[in-house]
Structure formats: C-alpha cells, structure tokens
Amino acid sequence: MKRRTPNVTLRSAVAVAVVLLLLVADQFLKIYVKTHFLLGEMRSMGTDWAYLYFVENKGMAFGLDVVGGTVLLCCFRIVAVAFLIYTMTRIVRKRFPLSFVLLMSMILAGAAGNIFDNLFYGVFFTESTCYDVAFPVGWNEGYGTFFTGKVVDMFYFPIIRTVYPDWIPVWGGQPFIFFSPIFNLADAAISCGAICIILFFRHSLQRTFLMFDRKRLTAHRS
C-alpha cells in the first residue's frame, strides 16, 4: 500500500478544514439570524451600505427561484455535492496547486451549506414571520417537512443607490440599486471560489475537465 506524500496529506487537511470551517460559520450565522430577527428585519452593520437583512427563499443562490420546487433543488444539490467530493479526492491525489484545492473546497462547502436549510430547517424550526421570531422545536414540529426547509439569507450591500436618468427608455426615473441581491455565506463561498478559479486557475480548471475525458487526456499528454 502506498503511503500518502506530505503534499497529499496537506491538501487533504486544507480541503477538510476549509469545508468544515465554512459549514460551521454558515450555519451559525443562519441560525443566529433566524432565531434573533423577524422576517424582513434589517439591521445596519455600521455603514449605510452594509446590512443584515433577514429573508428566506426556496430557490437558488441570491434568492433566485427554481422550477420544480425545493425538493427537486435539494436533490440536485445533493448530487452536485457528491460529484464535487469525488472530484476533490482526485484533485488532491493528483497534486493540484494548494490554492486551487482551497478554492474548490470553498465551492464544495457553499454547495453543501444550503442543503442543511432545505433538509432540517422546516423540521426543527417554527416559521419566521414579520411578527414572530422563529425558535427550535422537536422533530417534525416545525413549519415544514424534511426536504422543504427555506434557505436563510442575510447579507445585503446596497453600495450605490440612485435613479436611472430620465433619458433612458423604460427605466428612466426609476430607482437603481447596486448591489441588490441578498445572500448568505454559502452563496458567497461559491461565487468567490468560482470567480477566482476562472480568473487565475484556468489551466487547473482545464486539467480538472480532462480528468473526466480519457480520450482528450491521452491526446493532451501526447
């Protein structure tokens, strides 16, 4: 049996540490907001462009909706996470750059983060409303069922608030906000990881794709 080299061991440790750290931080933030904020409540983070704004959604990242409902989306996420875990094991063994492993770990953690909301929040929490703060309850005493929990979002950064010039067709005179999406730590991990990989690790990304295409991999090596 071959022993793991220090490089493989280090990459494995980094991947596991990053995933666990992000998952714990993501769930801590979500549970804190859900059990301390009214639905729709917004609190400043010390500036006029950064807020904690509690909203819930059944859809994808940044509050987008999804066709087919929460159950279908959750199943898709589980399959995606399983594939990412398999990909990560191969990346670690093939000694990809440590920074690339870190970024892929961020994407994996982000993909897994919202699954916990879908699976358990509907079972273990009362419903959040604009009048009542949610609180933990026993199994199956929550607002929903297994697989139907709502995802908690809280970060809101309206950096620029202005109006469209009157001369712009259709939108002229209407308010404009940049950046308007409300998101959570899991969403941020996926987005930041993916953007950094596309900008700085295109060669490593190409190697990752080649791992699943034997014909192209053979041609690439030759």
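R207 lies over the face of F96, 3.9 Å from the ring centre. A charge is taken to sit over a ring if NZ of Lys or CZ of Arg is within 6 Å of the ring centre and within 35 degrees of the ring normal. The model is predicted, so local features need pLDDT of at least 70 and side-chain atom pairs count only at pLDDT 80 or more, while totals for chains, interfaces and linings use all residues. Residues are numbered from 1 along each chain as its sequence is written, and side-chain values use heavy atoms, with hydrogens and water left out.

The protein contains six helices and six strands. Helices (H or I, at least four residues) and strands (E, at least two) are DSSP runs, numbered from the N terminus. Their order from the N terminus is α-β-β-α-α-β-β-β-β-α-α-α. Of the 222 residues, 37% are buried. Buried means under 20% relative accessible area, exposed over 50%, and partly exposed in between (1.4 Å probe, protein chains only). Contacts are counted where heavy atoms lie within 4.5 Å. Among contacts between residues at least 6 apart in sequence, 65% join residues at least 24 apart.

Helix α3 covers residues 98–124. Its 27 residues should span 39 Å at 1.5 Å a residue, and the end C-alpha atoms are 38 Å apart, which agrees. The expected span is 1.5 Å times one less than the number of residues. A kink of about 30° is centred on N118. The bend at a residue is the angle between axes fitted to the seven residues ending there and the seven starting there. Helix α3 is largely enclosed by the rest of the structure, because 21 of its 27 residues are buried. S105 belongs to this helix. At 0% relative accessibility, S105 is buried. Leaving out residues up to four places away in sequence, S105 touches A15, V18, V19 and M88.

Aromatic rings form 18 pairs in the structure. Rings of Phe, Tyr and Trp (its six-membered ring) pair if their centres lie within 6.5 Å; planes under 30 degrees apart count as stacked, over 60 as edge-to-face and the rest as tilted. W49 and F157 make a tilted pair, with 6.3 Å between centres and 45° between planes. W49 lies in the loop between β1 (42–44) and β2 (51–57), and F157 in the loop between β3 (151–156) and β4 (160–163), so the pair ties together parts that are 108 residues apart in sequence. W49 is partly exposed, with a relative accessible area of 40%. F100 and F201 also form a tilted pair, at 6.0 Å centre to centre and 45° between the planes. This pair links distant parts of the chain: F100 is in helix α3, F201 is in the loop between α4 (185–200) and α5 (202–210), and they are 101 residues apart. Both F100 and F201 are buried. Ring pairs also join W49, F155, F157, F178, F179 and F183 into a cluster.

Most residues other than glycine have a negative phi, and most peptide bonds are trans. A cis peptide bond joins F178 and F179, with omega about 20°. F179 is in the loop between β5 (175–178) and β6 (182–183). F147, which is not a glycine, has a positive phi near 85°. This residue lies in the loop between α3 and β3. V170 has a positive phi of about 70°, although it is not a glycine. V170 is in the loop between β4 and β5. With 69% relative accessibility, V170 is exposed.

L39 sits in the loop between α1 (6–36) and β1. Its relative accessibility of 32% makes L39 partly exposed. L39 and T129 are 90 residues apart in sequence, yet their C-alpha atoms are 4.9 Å apart in space. Neighbours within four places aside, L39 contacts F54, V55, E56, S128, T129 and C130. C130 is itself partly exposed, at 46% relative accessibility.

Cysteine pairing was also examined. A disulfide is a pair of cysteine sulfur atoms within 2.5 Å. By this rule there are zero disulfides. C192 is in no disulfide, and the nearest cysteine sulfur, that of C196, is 6.4 Å away. C192 is partly exposed, with a relative accessible area of 41%.
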